[in-house]
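Please open the structure in a viewer and keep the selection panel at hand.

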Amino acid sequence: MRILGIESSCDETAAAVVADGREILSSIVASQIDVHRKYGGVVPELASREHLRQIVPVVREAIAQAGMKLQEVEAIGVTQGPGLVGALLVGITYGKTLAQALGRPLVPVNHLEGHVHAVFLEAHKAGRAAKLPAVCLIVSGGHTVLYEVRAGDSNVQDPNGLLRYRKIGQTRDDAAGEAYDKVAKLLGLGYPGGPILDRLAAVSNGAMAPVKFGPTKMRGNVLDFSFSGLKTAVLYHVREHNEYVEEIGRREEALARGERKFEQLLPLCSPKTLALVREFQNAVVRDLVERTMNAAEELAVESILVSGGVAANSQLRATFEQRAKSSGVEVFFPSRALSTDNAAMIAAAAYSRFRAGVIADTTLNADPSLALA
Ligand code: KG4
Ligand code: ZN
């Protein structure tokens, strides 16, 4: 069964065709990063406008790359939420219209369930099976949340059956990706911050960290996260030390000239800045890994699933792999392309929901804070 997935919850307009919830026939992502870059974050009105411009060509491209005609689409999966309401509405309205015109079912998908299915898609490609129950960490620019994932029917190990989710932890303030983006911005390293900080942290030459960031203690639910304190600690450290001012200025000038590549910015970073970035990344990764491992241990799960834009982080991947090996659980990541927002994950999630009989009618509306339950 070939399902067209449509995703427009944030700043990526995406369409994909996936067969039987497993085989990716095409996956097109039109990123709006260039539109939002100069604002240092996603501007909702601009996002909606860009989705409007992109949705038709992106869907056409996905259909063409799958070697299909639009009429051959058997169902349409669309992100209902969570996300930006105006952005979601573009995908939903387009999906509804297309479903009506083709006489095909429309399947509403939770964006977060999409991220979970991105892991299953990748596992399938690699010939591996992610055993349930699992703990899933979804970590992106908009979300940092931990779920317990169980098979709907506890005897069945089928990611294409409906899954049950229980939220067991979440960020109380910033998402981890948001912390990356804000720290990169204050250091004059551009937007988005994750990819460049990831690479800069890796080349840091072992210079002593100019400041130490201890683990974040949580009162109440110890599986909750918090990243705004860490971001503020970086901000205060930079403000209190004049020697950062000049190099930040030089990097901001480079960015203004359009020189935002790693190779262009690296020579403008002092060893002290590199060590600061490394220390920031150590703190984020330690926090994400510790809480997820604690959850996995407590719930005695079989696997750990990690998804969302920050799941592309190389240190996060390496640390999870190491920790998982020594604790006997298996850890699964999507490829980098499937980690960030895409529509293949939406089409994959739509397949299991369709099989469970979840179909929307024309009253389907965007739900900016749709919960996964
Ligand atoms: O999932 P995504 O594409 O969009 C949503 O936020 O839903 O994630 C984007 C976020 C950004 O905050 C970006 O800085 C972060 O993921 N990111 C990374 C890396 N690549 C992207 N963060 C850390 N390390 C990376 N390699
Ligand atoms: Zn996402």
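Which residues in α2 meet which residues in α3? Ser48, His51, Leu52, Ile55, Val56 and Val59 in α2 meet Gly86, Ala87, Val90, Gly91 and Tyr94 in α3, where contact means heavy atoms within 4.5 Å. By class, this contact has 7 nonpolar, 4 polar and no charged residues.

This is a predicted model, in which local features need pLDDT of at least 70 and side-chain atom pairs count only at pLDDT 80 or more, whereas totals for chains, interfaces and linings use all residues. Residues are numbered from 1 along each chain as its sequence is written, and side-chain values use heavy atoms, without hydrogens and water.

Now select Leu189, Phe280, Leu288, Val306 and Phe320. These residues have the most contacts inside the largest nonpolar core, which has 55 residues (a set of buried Ala, Val, Leu, Ile, Met, Phe, Trp, Tyr and Cys residues joined through side-chain atoms within 4.5 Å). Helix α10 (residues 271-299) contributes the largest share of this core, 12 residues. Another core, of 26 residues, lies apart from it and includes Ile6, Ile55, Ile92 and Leu102.

Finally, select tyrosine 191, in the loop between α5 (176-186) and α6 (194-203). Tyrosine 191 is buried, with a relative accessible area of 12% (buried means under 20%, with a 1.4 Å probe and protein chains only). Leaving aside neighbours within four places in sequence, its contacts include Asp11, Ile33, His36 and Asp181.

Terms used:
Chains are lettered from A and ligands numbered from 1 in the order in which they are written. Helices (H or I, at least four residues) and strands (E, at least two) are DSSP runs, numbered from the N terminus. Ala, Val, Leu, Ile, Met, Phe, Trp, Tyr, Cys and Pro count as nonpolar, Asp, Glu, Lys and Arg as charged, and the others, Gly among them, as polar. Buried means under 20% relative accessible area, exposed over 50%, partly exposed in between (1.4 Å probe, protein chains only).
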